[in-house]
Amino acid sequence: SCLSGLICTFIVSIPLVASGSYLLHKAFVDKVNYSGSPRVSGATVGGSQLLNHFIPLGLNIGITLLTESLGLIHATTLRWTLYSEGRLQFNTNLRLFTSSRGIKPNTWVFNTLNAIFLIASYASTSLVFISEPSEAMVDQDPAIALYPGEDYAATFPGRLHISGLCMITLGVGLLGQAVLATWAYCSTAVPTWSSSPLDTALVSHQNGVEKDNSNTMLSLGDTPSLTASYPLILQKSALHS
């Protein structure tokens, strides 16, 4: 499933960058050549209240699925990179704050770059479709105020405007994550793609790696012990820890 998400990300991100570049170019040309009203409307979609809600929702769901697929690849390859270096302390490491020392796509430099791409894609997703100003806003803002005799419904028909700049930012963010995920996928041997700690423990055991008895998962308030222990029925307070 993560490979399908990776392929879909490439299929989606490249047209996003191309379409956003075209919309930006067209908006610039229209602005230079337009001599009438300063309200130059670019590409729009929707028109009904239902569509205006579901189009952004669909985009958000789609981008979330793609970024989760890329995140699974990044987190899994990082886990097994740390395993190959003998540094895997827990089954789930913070993938953006734990780095490899030898595998390039999982070093701190590319982890930071991946975080920037992730932030850019999430931030721009909510700004790709921009709703038109409300009638109260039009009345209060002189920059978009109606001319005498101009009708609000005719001037602002309630459609969603498409931001070319945000489309480019979203496409670049997805494409950057996809490139790093592909690099990590090709650079790391992954015994299992399962995120279950039981599967990770089984694979580690099959490869001759045994439990570190000094890592007993005791809370801060407990006395350090070299042996495993059962959890307390009544945990100590956070203040005590």
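I'll start with helix α2, which has 36 residues and reaches 53 Å from its first C-alpha to its last, close to the 52 Å expected at 1.5 Å a residue. The expected span is 1.5 Å times one less than the number of residues. Helices here are DSSP runs of H or I with at least four residues, strands are runs of E with at least two, and both are numbered from the N terminus.

A note on the source. This is a predicted model, in which local features need pLDDT of at least 70 and side-chain atom pairs count only at pLDDT 80 or more, while totals for chains, interfaces and linings use all residues. Residues are numbered from 1 along each chain as its sequence is written, and side-chain values use heavy atoms, with hydrogens and water left out.

The protein chain holds seven helices and three strands. From the N terminus on, the order is α-β-α-α-β-α-α-β-α-α.

Now the pair. The axes of α2, residues 49-84, and α7, residues 197-206, come within 13 Å and cross at roughly 30°. That makes α2 roughly parallel to α7, a label for angles under 35 degrees. Axes are lines fitted to C-alpha atoms, for helices over the stretch in contact, and angles run from 0 to 180 degrees between N-to-C directions.

Which residues meet? From α2, R79, W80 and Y83 meet T200, V203 and S204 in α7; contact means heavy atoms within 4.5 Å.

Lastly, just after α2, G86 takes a positive phi of about 70°.

Conventions: Parallel < 35°, antiparallel > 145°, perpendicular 65-115°, else oblique.
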